[in-house]
Amino acid sequence: MIWTLLVFGISVFILNRWAFPRIRDALDRRQRAIEESIDSQERLRAEAEEVLSEYRQQLAEARLQAEQIVARAREAGKEHERETLVEARERREKLLEQTQRDIEAETQRALEQIRKEVATLTILATEKVTRKVLSPTDQRKLVEEALGDLDFTVLEGSEN
């Protein structure tokens with residue numbers, strides 16, 4: 001038993017002298033490496049959270065800008081629609097005015113044609129009734145009287 005104690009004491013002395021300091025150094029290095037790893041992971045996590053918050057902020061700004069762009073596009077669309085309506089109304093008014101002028105011109109042409117036909121028919125009817133050919137002066141006088149009556153009835157009809 002003494003030998004066992006002596007061998008145990010020598011073993012403890014040798015271990016304390018050479019093995020335990022190396023083991024302690026290895027364990028200390030391992031502990032420092034783990035602590036450094038934990039610290040670097042915490043720094044990385046903090047940086048990741050910062051990057052994530054920046055990303056979320058940029059995403060919110062991008063959404064806001066997108067909403068502004070959509071709002072401006074809608075407003076531009078409405079403005080274009082208003083301009084198109086104004087142009088269409090102006091074009092319609094111009095077409096209505098042109099149509100009105102065309103109708104008035106056609107009405108004048110038709111009235112002129114009717115006057116000519118009435119004059120011709122009046123002369124022919126008068127010549128047949130009187131059975132003689134009228135002189136140019138008589139024809140003019142007869143036409144003016146007929147047209148005067150005609151204009152009066154045309155004006156009365158257009159007023160109603």
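Author: Helices (H or I, at least four residues) and strands (E, at least two) are DSSP runs, numbered from the N terminus. This is a predicted model: local features need pLDDT of at least 70, side-chain atom pairs count only at pLDDT 80 or more, and totals for chains, interfaces and linings use all residues. Residues are numbered from 1 along each chain as its sequence is written, and side-chain values use heavy atoms, with hydrogens and water left out.

Reader: How many helices are there in the protein chain?

Author: Strands number 0 in the protein chain. Helix α1 takes in residues 2-130. The helix count is 2.

Reader: What radius of gyration does the protein chain have?

Author: The C-alpha trace spans about 180 × 25 × 20 Å along its principal axes. The radius is taken over C-alpha atoms, and the globule rule is 2.2 Å times the number of residues to the power 0.38. A compact globule of 160 residues would come near 15 Å, but this chain has 58 Å.

Reader: What share of the 160 residues counts as buried?

Author: Buried means under 20% relative accessible area, exposed over 50%, and partly exposed in between (1.4 Å probe, protein chains only). By that cut-off, the buried share is 7%.

Reader: How far apart are the closest N and O atoms of Glu 93 and Arg 92?

Author: Side chains of opposite charge can pair when their charged atoms come close. Glu 93 is partly exposed, at 37%, and Arg 92 is partly exposed, at 46%. Their closest N and O atoms lie apart by 3.3 Å.

Reader: Which residue forms a salt bridge with Arg 115?

Author: The closest N and O atoms of this pair are 3.6 Å apart. Both partners lie in helix α1, 3 residues apart, about one turn of the helix.

Reader: What distance separates the C-alpha atoms of Glu 117 and Ile 69?

Author: Glu 117 has its place in helix α1, and its 43% relative accessibility makes it partly exposed. Ile 69 is 48 residues away along the chain. The C-alpha separation is 70 Å.

Reader: What accessible area does the nonpolar patch on the surface have?

Author: Patches are made of residues with over 30% relative accessible area and no salt bridge: like charges are joined within 9 Å, nonpolar side chains (Val, Leu, Ile, Met, Phe, Trp, Tyr) within 5 Å. Areas come from the Shrake-Rupley method with a 1.4 Å probe; for residues, only the protein chains shown count as cover. Leu 6, in helix α1, is partly exposed at 44%. Together with Trp 3, Ile 10, Phe 13, Ile 14 and Trp 18, Leu 6 forms a patch of about 700 Å².

Reader: Which residues form a negative surface patch?

Author: Asp and Glu count as negative. One member, Glu 36, is in helix α1 and is exposed, at 54%. The members are Glu 35, Glu 36, Asp 39 and Glu 42.

Key. Salt bridge = Lys/Arg side-chain N within 4 Å of Asp/Glu carboxyl O. Charge placed at Lys NZ, Arg CZ, Asp CG, Glu CD.
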